[in-house]
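Q: Can we go through this model together? I'd like to start with a helix and then look at the cores.

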Amino acid sequence: MLAIHSNKPALWIMAAKWEMEDRLSSESARQLFLRALRFHPECPKLYQEYFRMELMHAEKLRKEKQEFEKAKMDVGNLDYPEEILNGELARIIYKNSVSIIKGAEFHVSLLSIAQLFDFATDLQREIYDDLQALHTDDPLTWDYVARRELEVESQPAGEQPATKQARAVELGRKEERCCAVYEEAVKTLPTEAMWKCYINFCLERFTKKTSSQFLREKRLERTMMAFRKAHELRLLPEFQYKQWIDLLLHHDFLKEALEVAVAGTASFRDSVTMWQMKLQVLINSKSPDIAMHFEEAFVHLKAQDCLPLWISWAEWSEGTKREEDTEAIFKVKTPCSESCGHRERERMRERQRHRQREKQAPCQEPSVGLDPGTKKALLAVKGTDSVTLKNKYLDWAYRSGGYKKARAVFKSLQESRPFSVDFFRKIIQFEKEQESCKMANLREYYERALREFGSVDSDLWMDYIKEELNHPLGKPENCGQIYWRAMKMLQGESAEMFVAKHAMHQAGHL
């Protein structure tokens with residue numbers, strides 16, 4: 001098998017593991033690894049597993065020797081070279097591998113393996129020292145060195161703190177030492193990647209559960225300070241702005257959250273996520289001019305990226321009980337040409353400039369109403385994204401105005417493709433919830449749904465047949481015609497599924 005699949009390192013590792021663990025032959029495992037490295041001289045995984053195997057072999061020999069010594073047996077005739085027992089073969093593999101495979105990540109992976117073996121302290125120290133010497137310009141090195149401080153005990157084992165408060169203070173000291181290393185790291189290596197490691201560490205420690213109020217406050221303070229410093233240096237990536245704003249909102253620091261959100265949108269003007277976060281902060285702050293900020297976002301973002309903002313705007317408007325404004329957000333207009341869309345964007349920019357001039361005038365209040373020019377979400381959002389808006393528009397219409405309004409919305413959208421099956425199923429369900437459920441309306445909805453999805457959705461055909469059979473005003477004699485229409489339209493697996501479901505229904509099993 002290895003001769004045929006010699007290009008698969010995982011197979012070599014599996015074979016060596018079998019030799020080592022099942023056949024108890026470390027020499028055969030070693031030979032397999034050496035052969036594998038001839039085929040794959042730059043494969044990190046092979047070096048890692050070979051390194052692990054030699055350490056396991058050394059550990060096994062050490063245990064054997066200890067057992068013999070406990071039994072007071074003469075081990076003079078047995079071969080237990082001191083170099084092998086101390087992991088010298090693993091050290092050779094380490095030296096060879098790091099000369100071929102560069103980078104702190106591989107270096108750290110070998111150190112992590114070595115730390116699993118208590119006898120290899122000298123090897124661990126050597127790898128650790130080499131890591132600091134060879135990879136000082138890699139954020140992963142600093143991250144590893146800083147996190148290592150959590151494992152270093154500041155007091156002898158017999159003098160560990162006994163009370164919860166003392167343990168919290170001791171843990172706080174360890175975290176302070178970690179942060180001191182990170183502070184040195186961001187001065188030595190002032191990059192976005194290094195700040196990312198620092199902030200991730202602070203967030204990890206902050207999310208750790210603790211009953212100590214002191215520890216929680218210190219962790220929050222450190223995390224906020226790290227965010228602020230990275231922001232001041234303009235080294236905070238987009239997703240960490242989001243993390244920062246989420247943290248501020250969680251603790252109701254609304255004023256600072258708004259400042260951060262404004263800075264985030266200034267740095268990442270084309271980011272939907274950043275505009276969403278800013279609008280969320282404004283909503284939480286109960287800002288009076290949220291509609292204006294939604295319009296501002298649409299000016300800066302591409303139309304095809306704006307679906308989440310349209311949904312957020314509609315949900316916010318519904319929450320404020322402004323029914324007319326909510327409907328205006330959803331309102332469908334006849335699709336226009338590209339030039340029309342371009343003119344619309346120009347008008348929105350002009351309105352934005354006008355509002356900026358208004359804000360500079362101290363005697364005027366900001367606009368709180370909905371600008372008439374924004375009443376066309378389904379014009380701005382096209383293609384498959386508009387399907388989501390149509391479904392939400394229909395849901396909102398039913399919640400706010402009942403079936404009558406939902407049917408009116410359905411009528412206004414019934415020729416505005418594309419659709420989803422869910423869109424038709426919603427209006428069918430709304431009709432069935434009425435006391436006077438009209439079969440004529442159900443037929444209309446099913447026929448329109450089948451016009452769009454009759455060639456792929458066998459469930460629609462089955463539900464239509466069941467409706468004719470079960471509704472008080474249904475016409476069972478129509479079922480045969482519906483069946484043959486389905487057989488003509490459905491193709492492949494869909495047709496087979498339909499025949500199977502129809503047969504089960506006829507037999508009373510569905």
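A: What follows is a short chat about helices and cores.

A: This is a predicted model, where local features need pLDDT of at least 70, side-chain atom pairs count only at pLDDT 80 or more, and totals for chains, interfaces and linings use all residues. Residues are numbered from 1 along each chain as its sequence is written, and side-chain values use heavy atoms, with hydrogens and water left out.

Q: Which residues of H5 are buried?
A: Ala90, Ile93, Tyr94, Ser97 and Val98 of H5 are buried (under 20% relative accessible area, 1.4 Å probe, protein chains only). Helices here are DSSP runs of H or I, at least four residues, numbered from the N terminus.

Q: Where do they sit around the helix?
A: Down the axis of H5, the buried residues fall within an arc of 120 degrees, so they line one face. The arc is taken from the directions from the helix axis to the C-beta atoms.

Q: And what covers them?
A: The cover includes helix H3 (44-70), helix H6 (104-114) and helix H7 (121-134).

Q: New topic. How many residues has the largest nonpolar core?
A: It has 77 residues. Such a core is a set of buried Ala, Val, Leu, Ile, Met, Phe, Trp, Tyr and Cys residues joined through side-chain atoms within 4.5 Å.

Q: Which helix gives the largest share of this core?
A: Helix H10 (residues 192-207), with eight residues.

Technical notes: Buried means under 20% relative accessible area, exposed over 50%, partly exposed in between (1.4 Å probe, protein chains only). Helices (H or I, at least four residues) and strands (E, at least two) are DSSP runs, numbered from the N terminus. Contact means heavy atoms within 4.5 Å.
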